[in-house]
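Take a walk through this structure with me. Keep the model open beside the text and find each residue as it comes up.

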Amino acid sequence: MVDETGERVKDGKSPVQDAAKEVLVRPAVVQHVNVEGYWKTKKDILVPSIKGILEATNFRELVMLTFEAKDHLLNLGVFEEVDMLIDTSTGSSALPNGYDVTFYVKEKKFVTSNAGTQIGNNEGSMTFGSRLNNVFGRAEQVKADMTFGTRTRMSYQLAFFKPTPGNPDRSFTISAQKSTTDVPMCSHQEATQGVSIDFMFPSFIGQHLLSWEGMWRDVTGLSNNASFAIREQAGHSLKSSLKHVLIVDERDNMALPSEGYLFRLSQELAGLGGDVRFLKNNLEYQHSVKVLKDVIISWSLQGGRLHPLFGTPSRINDRFFLGGPLSVRGFNLKGIGPKSGGDSLGNDAYWAAGLHLYTPLPFRPAQGGLGDRFKTHLFLNSGNLVSLSGSLPWRNRLAVLREKIRWSCGAGLVLLLGIARLELNYCVPLGAQSSDSVNHGVQIGVGINFL
């Protein structure tokens with residue numbers, strides 16, 4: 001019996017296949033690992049990325065560990081290109097099964113810049129930025145960004161970023177930012193400026209983000225028809241807070257996952273200085289399952305609670321809002337909950353849930369190309385936004401979450417846009433209250449995080 005190359009096959013394998021297998025399991029000892037082409041990067045951040053190659057015991061492991069080391073070097077963010085070469089060792093000290101591994105790298109320019117457009121969370125924006133790369137030779141970056149958007153009038157940020165050698169999931173960032181954002185649903189603008197310090201690190205549970213931020217906020221630019229409740233919120237506030245975020249993301253795609261789950265828990269304590277004092281918790285869970293080929297069922301659950309401390313009332317900057325094409329569909333943006341003169345006021349507790357069915361387009365047009373980026377979409381959403389009375393027992397306090405539940409259903413199309421997605425849905429809102437702002441009919445949403 002012979003294969004397509006004409007080689008004689010024995011027991012289903014050709015001599016070529018046997019030889020390849022023999023090479024892969026051949027014992028291997030890595031004698032030298034070299035990195036060539038760098039001039040500014042310090043050696044101590046390169047060693048953690050490449051030292052794993054020395055653990056190889058056969059040629060298969062050597063190849064796998066070399067590719068892993070290449071990925072680690074690229075993840076440092078200091079190299080434009082990384083090429084590799086595996087060769088047998090030479091010289092008087094060379095072993096019969098010895099190998100040398102060489103990486104050829106090209107460092108990024110010290111100053112780089114970028115400009116582009118972004119679409120997300122129902123806002124389009126244009127961003128201009130520049131970077132100082134590898135500032136001190138250990139993958140540090142200084143970033144400066146300027147953004148103009150349809151709702152964010154302007155945003156400036158200056159940040160210093162420092163990763164941990166050998167562990168790109170662990171990093172330290174200190175930044176200063178300033179922005180002005182239109183909030184038309186609440187008839188005002190919000191101007192913020194301040195500093196923040198972030199420390200990101202992994203654990204056996206997931207990825208953690210621990211941060212402190214000090215922000216000066218100003219509710220300003222009130223429209224002529226702003227309600228009295230909004231005018232009461234106008235003015236300055238100073239927030240100093242500690243925040244912790246835990247993220248476990250096992251999805252195969254951020255925008256439209258077919259399998260996996262997302263768990264995100266955030267906790268914020270404000271009152272370490274300033275005049276804003278609260279404890280805020282927010283929970284999000286999303287799970288997707290592929291039940292048939294290209295047929296996906298997804299469900300999600302969100303909930304949050306804002307608890308003012310020391311008798312300080314909550315501010316509109318910090319409250320929860322609900323409703324919109326990225327939230328409970330069939331309602332306008334921030335359309336659920338209490339209002340005053342048409343202005344959304346938000347509230348201190350909410351929950352929301354969604355059930356979705358995604359299927360391919362009928363008859364599968366343009367299959368294997370653009371058509372695979374489209375999905376038909378059936379959904380059922382529900383939720384509630386309420387105020388919890390701290391004077392009532394817990395059982396009575398939570399009962400209000402079950403009252404006057406809003407929900408909606410509908411169908412539409414989803415288009416995958418890289419890391420974001422666009423939804424075009426026909427929505428039927430049900431359970432709406434007189435204070436809600438509904439959107440019965442076509443609703444368009446663009447973003448990354450959807451209910």
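Start at Asn-133. Setting aside residues up to four places away in sequence, Asn-133 touches Lys-40, Lys-108, Lys-109, Phe-110, Thr-112, Glu-140 and Gln-141. Keep in mind that this is a predicted model. Where does Asn-133 lie? Asn-133 belongs to strand β5, which covers residues 123-133. Is Asn-133 buried or exposed? Its relative accessible area is 3%, so Asn-133 counts as buried. The cut-off for buried is under 20% relative accessible area. One of the touching residues deserves a second look. The side chain of Asn-133 makes a polar contact with the side chain of Thr-112, at 3.1 Å. Now find Gln-207. Asn-133 and Gln-207 are 74 residues apart in sequence. In space, their C-alpha atoms are 25 Å apart.

Next, look at strand β3, residues 98-107. This strand is mostly covered, with eight of its 10 residues buried. Which way do its partners run? Strand β1, residues 29-36, runs parallel to β3, and seven bridges join the two. Strand β2, residues 79-88, runs antiparallel to β3. Here nine bridges make the join. Asp-83 has Tyr-104 as its bridge partner in β3.

Now turn to two loop residues. Ser-227 sits in the loop between β10 (207-220) and α4 (228-233). Its relative accessibility is 7%, which means that Ser-227 counts as buried. What does Ser-227 contact, beyond its neighbours within four places in sequence? The residues are Ser-340, Gly-341 and Asp-343. Glu-284 is 57 residues from Ser-227 along the chain. Their C-alpha atoms are separated by 32 Å.

Look for Asn-347 between β16 (343-344) and β17 (349-359). Asn-347 has 14% relative accessibility, so it counts as buried. Leave aside its neighbours within four places in sequence, and Asn-347 is in contact with Arg-319, Phe-320, Pro-338, Leu-385, Val-386 and Ser-387.

Now consider backbone angles. Most residues other than glycine have a negative phi. Phe-310 has a positive phi, near 55°, and is not a glycine. Where is Phe-310 found? Phe-310 is in the loop between β14 and β15 (339-340). Is this residue buried or exposed? Phe-310 has 73% relative accessibility, so it counts as exposed. Lys-334 also lies in the loop between β14 and β15. Lys-334 has a positive phi of about 55°, although it is not a glycine.

Finish on the surface. Which residues form a nonpolar patch there? They are Val-289, Val-291, Leu-292, Trp-299, Leu-355, Leu-380, Ile-405 and Trp-407. Together they have about 680 Å² of accessible area. Which strand gives the largest share of the patch? Strand β13, residues 278-292, contributes three residues, the largest share. Now pick out Trp-299. Trp-299 lies in strand β14, residues 295-308. With 35% relative accessibility, Trp-299 counts as partly exposed.

Methods
Residues are numbered from 1 along each chain as its sequence is written. This is a predicted model: local features need pLDDT of at least 70, side-chain atom pairs count only at pLDDT 80 or more; totals for chains, interfaces and linings use all residues. Side-chain values use heavy atoms; hydrogens and water are left out. Patches are made of residues with over 30% relative accessible area and no salt bridge: like charges are joined within 9 Å, nonpolar side chains (Val, Leu, Ile, Met, Phe, Trp, Tyr) within 5 Å. Accessible areas come from the Shrake-Rupley method with a 1.4 Å probe; for residues, only the protein chains shown count as cover. A salt bridge is a side-chain nitrogen of Lys or Arg within 4 Å of a carboxyl oxygen of Asp or Glu. Helices (H or I, at least four residues) and strands (E, at least two) are DSSP runs, numbered from the N terminus. Buried means under 20% relative accessible area, exposed over 50%, partly exposed in between (1.4 Å probe, protein chains only). Contact means heavy atoms within 4.5 Å. A polar contact is a pair of N or O atoms within 3.5 Å; within protein, one must be able to donate a hydrogen and the other to accept it, and residues adjacent in sequence count only if both atoms are side-chain atoms. Two strands pair if DSSP finds at least two bridges between them.
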